[in-house]
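Let's take a friendly walk through this protein model. Have the sequence and the 3D view ready, and follow along one residue at a time.

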Amino acid sequence: MNICIISHGVHRHTQLLAEGLADRGFKVVLVYFTAKHIFKPRRKFLCVSIPSNSKLTIYSRLISFRKVHKKLKENIHALIYVGYPVAHLLPVYFPKSIKIFMPITGPYSVQRNIKSIYYLPYSYMIKYALKKANLLVTISKFMKNVYYKAYKRKSLVIPPPVDETLFKPNFKLKKDNLILHVARFVPRKGQILAIQMFKKLKKVHGFKNIKLILAGLYSKEKYFMRVLGEAKKVEGVTVLTNVSDEELVKLYHSSTVFWWPFIGYE
């Protein structure tokens, strides 16, 4: 069975999903949209990268995806769309394939500003896409309720896979007064807020020796440089990028607190 995964590009879920399907004998094709080549799966899949540098990114994807569709000679039996921003592609091509929509974040809401002119048609495309999906998969009961309220569409809950042999807490390990924040470097993930809160916390008696590590990938360089600038102003803050799975596990084990002042649905 041939499965094509369409991804927004930076989701860890995509890599786990692709590897898991390949391990079970499926032939996997990855198509991902990204401004930079930061999504590098460890396994060798047929991988198609589509840069998203256009100011009309949402609509340029429709044109780019058609070109990709022509190049894929294999008969695709199922398509999995990972990440909310690529949902509008869902009903466009591969009419005979099973279509599965797997949103990672909450539904987009059109703001009352000049950008609404650009995003309003996009929001209607999303609603139409959901009607065409054979299956909607969400990662938690919370997100299941969010999507049901927004679109009156039931979904199947499949939590992100976690290797409990690696991530099971080891209480014998000595902790290092470390606060850990792991997320992609974009404004809504709250890295700037985390630094501001950490700065205030260090002034509290008994918390002077604490440390904060911000780890993750970045695609928005302007925001990432801002995070670096703010981090340099506060003693004890470290910024890490492209952390390997092995390093990430060590960070989780050595941290006292996992801190995520997230600004959004999750």
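## A leucine and its contacts

Setting aside neighbours within four places in sequence, Leu-90 is in contact with Tyr-81, Lys-99, Phe-101, Ala-129, Lys-132 and Ala-133. Keep in mind as you look that this is a predicted model.

Where does Leu-90 lie? You will find Leu-90 in the loop that runs between strand S4 (78-82) and strand S5 (98-102). Is Leu-90 buried or exposed? Its relative accessibility is 0%, so Leu-90 counts as buried, the cut-off for buried being under 20%. Now pick out Phe-101: Leu-90 and Phe-101 are eleven residues apart in sequence, and their C-alpha atoms are 7.7 Å apart in space.

## The nonpolar cores

Phe-101 turns up again in the largest nonpolar core, which has 44 residues. The members that touch the most others there are Cys-4, Ile-5, Ile-6, Tyr-81, Leu-89, Phe-101 and Tyr-147. A second, separate core has 17 residues, including Phe-185, Ile-210, Leu-214 and Trp-259.

Beyond its neighbours within four places in sequence, Ile-6 is in contact with Val-31, Phe-33, Phe-65, Leu-79, Ile-80, Tyr-81, Val-82, Val-86 and Leu-89.

## Two packed helices

Helix H6 (residues 191-201) packs with helix H7 (residues 221-232) at an angle of about 10°, and their axes are 10 Å apart. Angles under 35 degrees count as roughly parallel, so H6 and H7 are roughly parallel to each other.

Which residues make the contact? H6 brings Gln-191, Ile-192 and Ile-195, while H7 brings Tyr-223, Arg-226, Val-227, Glu-230 and Ala-231. Among these residues of the contact, five are nonpolar, one is polar and two are charged.

Definitions and conventions. Residues numbered from 1 in each chain as written. Predicted model: local features only at pLDDT ≥ 70, side-chain atom pairs only at ≥ 80, totals over all residues. Heavy atoms only, no water. Helix = DSSP H or I, 4+ residues; strand = E, 2+ residues; numbered from the N terminus. Buried < 20%, exposed > 50% of the residue type's maximum accessible area, 1.4 Å probe, protein only. Contact = heavy atoms within 4.5 Å. Core = buried A, V, L, I, M, F, W, Y, C linked by side-chain atoms within 4.5 Å. Axes fitted to C-alpha atoms, helices over the stretch in contact; angles between N-to-C directions. Parallel < 35°, antiparallel > 145°, perpendicular 65-115°, else oblique. Nonpolar A, V, L, I, M, F, W, Y, C, P; charged D, E, K, R; others polar.
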